[in-house]
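Please look over the structure below before reading the notes. The briefing is arranged by topic.

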Amino acid sequence: AGDTCEAQVQGVDAVNAGTYTAVAVLDNEKYELAENVQQSYTILPKAVHVIWAAADKTYDGSAAEVTANADAADLVGTDSCGILIENAQEIHAGTYSAKAVGTTNGNYVLAADAETTKAYTIAPKPIALTWKGTEARAYDGNASNVTAEVSGILAGDSCSVTVIGGNEVVPGTYTATAVSLGNGDYELSKEGTTQSYEITKRIAEIGFTGTGDRTYDGKASSVQAVVTNLVSGDTCSVTVTGGDAVHAGTYIASAVSISDTTKYELKETKTQTYTILPKAVTVSWKDTTKTYDGKALTPKAEVTGLAAGDTCKVTAVEGTTRKDAGTYTVTAKGLDNSDYVLSGDVKTTCTILPKTAAFTWKGTAARTYNKKASNVQAAVSNLVAGDTCTVTVTGGKAKDAGTYTAEVTALGNA
């Protein structure tokens, strides 16, 4: 009696969450505790809720930074508590789910009803397009190659563009449309996704055939035209006017239209001159000899070598005014058909033969010798009207008795 002994408990001043051991000790060494000198005890972590920070962003090549903190209302005093998060650092465009998996302060745990997941989106980055192959071009049978390239992508990235409507062939105005990208981190801007382009008609170049000089033959010409710069596989006929001339002359054929006006254009009427030369013909002569009758020569020249069905006459013969007996040259000078021209020997020799004179005699009756000379005379009895002709008679001056023969020995018009 008279002793004092108090029990003291050590290890009961823990503050943070955890499991601890309290130990009882006596302050009088004369005594000892029989049993139950230790006792464990636990401080449970406080439940906290999660407050998520805004996490949506547009793709920029860097990782997302999804963050969250414990709700301050759940914290004790001046404590701070961060949230441990998984799947919070995605890089590429898409929709993801970040997950809170713990806290940075062991005195706290995630509440059972805490929002432990957070959806966040990395939106594709809008990009502009640069168009190529949109310059107006003339139809050439090849497909267009209108393409688009992205501009403004991040260094190291690549992104193809799918374009529809950019491979038209025939002339027209078209719209190419960018419909998708080959990299999901990017998206097409709302503007600039279409581009118009034009294929113009091919200017038809015209070449003529059948335009060489030819000689008239009574048949129609066949001047034709073709498009000389046709695209392989195309057909396009040309309508020609004035290319079917028949008669000799110089003409103009005109290419006035083409059959394929979808792909080709005749910018203006194309023309080509061509010539049909007169056909050279010869002359056949008739009635080139006659007996003198006081009238002019009347030879006839007939044209030979005419085309079937044609007629052609010599319009003038030079040298036909001669009337007297003799040999003359006459020349064919013109034709009444311009499809022909004289060629070769157009001259001939014409002859007017002297007319054989008939005579009437005077002074030929028998008479009696009287010492005087006879006077036998002769006159031309078949003179052409208007002509005169003296007659020289020899042997008509006999004096002596006898029988004589008087003879015309010369004429005064020969």
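The notes cover aromatic pairs, the nonpolar core, salt bridges, backbone angles and the surface.

This is a predicted model, in which local features need pLDDT of at least 70, side-chain atom pairs count only at pLDDT 80 or more, and totals for chains, interfaces and linings use all residues. Residues are numbered from 1 along each chain as its sequence is written, and side-chain values use heavy atoms, with hydrogens and water left out.

A search of the whole structure finds seven aromatic pairs, and the structure holds ten salt bridges. The largest nonpolar core has 73 residues.

**Aromatic pairs**

- Rings of Phe, Tyr and Trp (its six-membered ring) are paired if their centres lie within 6.5 Å; planes under 30 degrees apart count as stacked, over 60 as edge-to-face and the rest as tilted.
- One of the seven pairs joins Tyr139 and Tyr264, which are edge-to-face because the ring planes stand at 85°, with the centres 5.8 Å apart.
- Tyr139 sits in the loop between β13 (137–138) and β14 (147–151) and Tyr264 in strand β25 (residues 264–265), so this pair ties together parts 125 residues apart in sequence. Strands (E, at least two residues) are DSSP runs, numbered from the N terminus.
- Tyr139 is buried at a relative accessible area of 3%, and Tyr264 is buried at 1%. Buried means under 20% relative accessible area, exposed over 50%, and partly exposed in between (1.4 Å probe, protein chains only).
- The rings of Tyr216 and Tyr340 have centres 5.4 Å apart and planes at 85°, so they too form an edge-to-face pair.
- Tyr216 belongs to the loop between β21 (214–215) and β22 (224–227) and Tyr340 to strand β32 (residues 340–342), so the pair links parts that are 124 residues apart in sequence. Both Tyr216 and Tyr340 are buried.

**Nonpolar core and contacts**

- A nonpolar core is a set of buried Ala, Val, Leu, Ile, Met, Phe, Trp, Tyr and Cys residues joined through side-chain atoms within 4.5 Å.
- Which residues touch the most other members of the largest core? They are Val66, Ile206 and Ile258.
- Not counting residues up to four places away in sequence, Ile206 touches Ala225, Val226, Val227, Thr228, Val238, Ala255, Leu266 and Lys270. Contact means heavy atoms within 4.5 Å.
- Val256 lies in strand β24 (residues 249–258) and is partly exposed, with a relative accessible area of 37%.
- With neighbours within four places in sequence left aside, Val256 is in contact with Thr239, Thr241, Leu266 and Thr269.
- From C-alpha to C-alpha, Val256 and Ile203 are 14 Å apart in space, and they are 53 residues apart in sequence.

**Salt bridges**

- A salt bridge is a side-chain nitrogen of Lys or Arg within 4 Å of a carboxyl oxygen of Asp or Glu.
- Lys57 and Asp60 form one of them, at 2.8 Å from N to O. Lys57 is buried at 18% relative accessibility, whereas Asp60 is partly exposed at 40%.
- Arg137 is bridged to Asp140, with the closest N and O atoms 3.0 Å apart. Arg137 is partly exposed at 23% relative accessibility, as is Asp140 at 31%.
- Arg214 meets Asp217 in a salt bridge of 3.1 Å, N to O. Arg214 is partly exposed at 22% relative accessibility, and Asp217 is partly exposed at 36%.

**Positive phi angles**

- Asn87, a residue other than glycine, has a positive phi near 60°. Asn87 lies in the loop between β8 (83–86) and β9 (94–103) and is partly exposed at 47% relative accessibility.
- Lys371 also has a positive phi, near 70°. Lys371 is in the loop between β34 and β35 (377–380) and is exposed, with a relative accessible area of 64%.

**Surface patch**

- Phe359, Trp361 and Leu411 make a nonpolar surface patch of about 240 Å².
- Patches are made of residues with over 30% relative accessible area and no salt bridge: like charges are joined within 9 Å, nonpolar side chains (Val, Leu, Ile, Met, Phe, Trp, Tyr) within 5 Å. Accessible areas come from the Shrake-Rupley method with a 1.4 Å probe, and for residues only the protein chains shown count as cover.
- Trp361 is in strand β34 (residues 359–362) and is partly exposed at 34% relative accessibility.

Notes:
Helices (H or I, at least four residues) and strands (E, at least two) are DSSP runs, numbered from the N terminus.
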